[in-house]
Amino acid sequence: YFHGWPTSRLEAQLLEPEAIRQGARVIAVDRPGYGLSDFQPGRRLLDWPADVTELADHLGLERFAVVGVSGGGPYAAVCAWALPERLTRVFVVNGLAPLSSREALRGMHAPNRALLRLARPLPQLGRPLLGAFAWTLRRGLPPILALPFAAGFAPVDREVLRVAEVSRTIYQATREAFRSGARGPAWEGRIYPRPWGFEPAEIRAPLEIWHGGADRNVPAEMGRSLHESVAGSRLRLYPAEGHLSLPYRLRSRILQELLR
């Protein structure tokens with residue numbers, strides 16, 4: 001399970017009851033610089049499959065499925081490209097597509113769009129902004145910098161945020177992301193707007209793209225774009241679901257499909 005941005009492995013706690021019911025083993029991984037994982041200077045998206053391979057070898061997993069949610073989507077995609085022989089299924093859920101053109105951000109909620117557009121030419125802005133956000137989280141204060149982002153959520157996502165386990169888990173997962181400071185999340189903000197280092201058209205692993213049609217954080221156009229780039233991929237578009245509601249409300253179905 002590859003978490004979003006900027007959260008952490010704790011995000012996967014929302015899957016735990018359903019995973020136990022279905023007998024699924026969910027391994028949630030902090031990316032470098034998040035949570036319990038050390039910062040990796042100069043990290044690229046292309047470095048991730050080697051980390052996943054090392055972990056899988058250590059755990060004795062010959063074959064396995066991966067799912068990337070939101071900012072974890074590109075990490076699932078790069079594994080699909082680099083490790084097709086080891087992957088049983090690959091799911092990208094409300095995931096980012098390549099951001100190589102301005103059109104890629106069309107339809108995205110304005111604060112998210114501005115942050116990603118600024119990250120490439122002005123990467124030095126990311127760390128102080130995210131550092132201030134982390135400071136409020138560590139002190140248990142209302143994260144003021146998050147308000148413009150939360151205001152842009154679709155109504156269905158705001159409804160899901162009223163569920164106690166969802167709001168609690170997202171808060172804990174986001175706070176944990178900054179356990180060692182803002183360097184990791186800030187560096188990842190530089191990775192997303194840059195070229196992935198491979199062409200999605202080269203992906204040969206079985207790829208499924210699940211996307212909410214009401215998603216304002218990562219618009220459904222990104223899911224369509226990735227689907228059109230990867231021959232043989234499957235797009236499941238849920239018009240009534242949003243960025244948070246889809247992975248939460250459809251978590252049982254996602255696990256069932258991953259276990260097939």
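Reader: What covers the buried residues of H10?
Author: In this predicted model, the cover includes strand S2 (87-93), strand S3 (207-212) and strand S4 (234-238). The buried residues of helix H10 (residues 220-229) are Ala220, Met222, Gly223 and Leu226.

Reader: What puts these residues on the same side of H10?
Author: Ala220, Met222, Gly223 and Leu226 are the buried ones. They cover an arc of only 155° around the axis, so they sit on the same side of H10.

Reader: Which residues of H8 are buried, and why are they said to be on the same side?
Author: Val166, Thr169, Ala173, Thr174, Glu176 and Ala177 are buried in H8. Their arc around the axis is only 160°, which puts them on the same side of H8.

Reader: How do you know what span to expect for H8?
Author: Helix H8 (residues 164-177) has 14 residues. The expected span is 1.5 Å times one less than the number of residues. That gives 20 Å, and H8 reaches 20 Å from its first C-alpha to its last, close to the expected value.

Reader: Why is the pair of phenylalanine 2 and tryptophan 48 called edge-to-face?
Author: Two values decide. The ring centres are 5.3 Å apart, and a pair needs centres within 6.5 Å. The planes make 80°, and over 60 degrees counts as edge-to-face. Therefore the pair is edge-to-face. A search of the whole structure finds eight aromatic pairs.

Reader: What makes this pair a link between distant parts of the chain?
Author: Phenylalanine 2 is in the segment before helix H1 (16-22), and tryptophan 48 is in helix H2 (residues 48-59). They are 46 residues apart. Both phenylalanine 2 and tryptophan 48 are buried. Ring pairs also link Phe2, Trp48 and Tyr75 into a cluster.

Reader: How do you know that arginine 31 sits over the ring of tyrosine 75?
Author: Its charged end is 4.3 Å from the ring centre. The distance cut-off is within 6 Å, and the charge must also be within 35 degrees of the ring normal. The charged end of arginine 31 is counted as sitting over the ring of tyrosine 75. Arginine 251 lies over the face of tyrosine 248, at 4.2 Å from the ring centre.

Reader: Why is serine 70 called buried?
Author: Serine 70 has a relative accessible area of 13%. Buried means under 20%, so serine 70 is buried. Serine 70 lies in the loop between strand S1 (64-69) and helix H3 (73-82). Its phi is positive, about 60°, although serine 70 is not a glycine.

Key
Residues are numbered from 1 along each chain as its sequence is written. This is a predicted model: local features need pLDDT of at least 70, side-chain atom pairs count only at pLDDT 80 or more; totals for chains, interfaces and linings use all residues. Side-chain values use heavy atoms; hydrogens and water are left out. Buried means under 20% relative accessible area, exposed over 50%, partly exposed in between (1.4 Å probe, protein chains only). Helices (H or I, at least four residues) and strands (E, at least two) are DSSP runs, numbered from the N terminus. The arc is that of the directions from the helix axis to the C-beta atoms. Contact means heavy atoms within 4.5 Å. Rings of Phe, Tyr and Trp (its six-membered ring) pair if their centres lie within 6.5 Å; planes under 30 degrees apart count as stacked, over 60 as edge-to-face and the rest as tilted.
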